[in-house]
Amino acid sequence: MGNDVEDAVDVRLGARLAELRAEHGWSLGELAERSGASRSTLSRAERAEISPTASLLNRLCGVYGRTMSQLLSEIEAEPALLVRAADQVIWEDKASGFVRRSVSPPHAGLRGELVEGRLAAGADIAYDRPPVPGLEQHIWVLDGTLDVTAQDVGHRLAAGDCLRLRVWGPTRFHCPGPEDVRYALAVVLP
């Protein structure tokens, strides 16, 4: 199992996912139909028996009309104006080799957020839909190479390159290697 901090995040995340489902009055079966995830996976994620993957969280965010950062910020204390590096929430999808740091998490009255993403060489993450249709993203590669596919168009980004887009459909992030990629992702709600 992971360390205590990671485990605590999974427990809070699972509890929040269960709260959201209850707020909507949905059974696990109804949420499974809406999200395309299995009832057992959803149940295990809510009970923190598993750490949800980036793909699963993205699907749930879409169902609940939130960005991933909004969901993750809901399990933290009140957001501060100054977010110290040591206080930035880090979430890891070990299965896909994805590490996500919420550098500037969502805050009431602000539409933008800043995320640092890291993908291991060879890692490939596909999202079947944006958490919020028309979500604006600016992807700035800091180190390495990143292949991004959006609206069936592929883009290869090298260090220093920035891709700006509005996300309406599926997207894919792939690190072709040979080294890991590190990128900044600015997300702006429509």
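1. Basis of the note. The model is predicted, and local features are reported only at pLDDT of at least 70, side-chain atom pairs only at pLDDT 80 or more, while totals for chains, interfaces and linings use all residues. Residues are numbered from 1 along each chain as its sequence is written, and side-chain values use heavy atoms, with hydrogens and water left out.

2. The open sheet. Helices (H or I, at least four residues) and strands (E, at least two) are DSSP runs, numbered from the N terminus. Two strands are taken to pair if DSSP finds at least two bridges between them. On this basis six strands make up an open, antiparallel sheet in the order E1-E2-E3-E10-E5-E8. Its edges are strand E1 (89-93) and E8; each has a single partner strand, so one side of each is left without a neighbour in the sheet. On average, neighbouring strands of this sheet are turned by 20° against each other, direction ignored; the axes behind such angles are lines fitted to C-alpha atoms, for helices over the stretch in contact, and angles run from 0 to 180 degrees between N-to-C directions.

3. Pairings within the sheet. Strand E10 (residues 181-188) pairs with E5 in the antiparallel sense over seven bridges, and Tyr183 in E10 is the bridge partner of Val141. Strand E3 (residues 112-119) is also antiparallel to E10, with eight bridges; here Leu119 stands opposite Val181. Strand E5 (residues 135-143) is joined to strand E8 (residues 162-167) by six bridges, again antiparallel, and Glu136 has Arg166 in E8 as its bridge partner.

4. The pairing of E4 and E9. Strand E9 (residues 171-174) pairs with E4 in the antiparallel sense over four bridges, and Arg172 in E9 stands opposite Ala126. Strand E4 (residues 124-127) has Ile125 and Tyr127 on its covered face, with Asp124 and Ala126 on the uncovered one.

5. Aromatic pairs. Rings of Phe, Tyr and Trp (its six-membered ring) pair if their centres lie within 6.5 Å; planes under 30 degrees apart count as stacked, over 60 as edge-to-face and the rest as tilted. The count by this rule is four aromatic pairs. One of them is stacked, because the rings of Trp26 and Tyr64 have centres 5.7 Å apart and planes at 15°. Trp26 lies in the loop between helix H1 (4-24) and helix H2 (28-35), and Tyr64 in helix H4 (residues 54-64), so the pair ties together parts that are 38 residues apart in sequence.

6. Tyr127 and Phe173 are buried, and together with Tyr183 they form one aromatic cluster.

7. The cavity. A cavity is a set of points, on a 1 Å grid over the protein atoms alone, where a 1.4 Å probe fits but cannot get out; lining residues have an atom within 4 Å of a point. The search of the whole structure finds one cavity of 30 Å³ or more. The largest cavity holds about 270 Å³ of space, a volume being the space filled by probe spheres set on the points. Of its 21 lining residues, Met68, Arg100, Tyr127, Gln137 and Leu185 lie nearest the centre.

Key:
Buried < 20%, exposed > 50% of the residue type's maximum accessible area, 1.4 Å probe, protein only. 1 Å grid on protein atoms, 1.4 Å probe; cavity = no way out; pocket = protein on both sides within 12 Å on 5 of 7 lines; lining within 4 Å.
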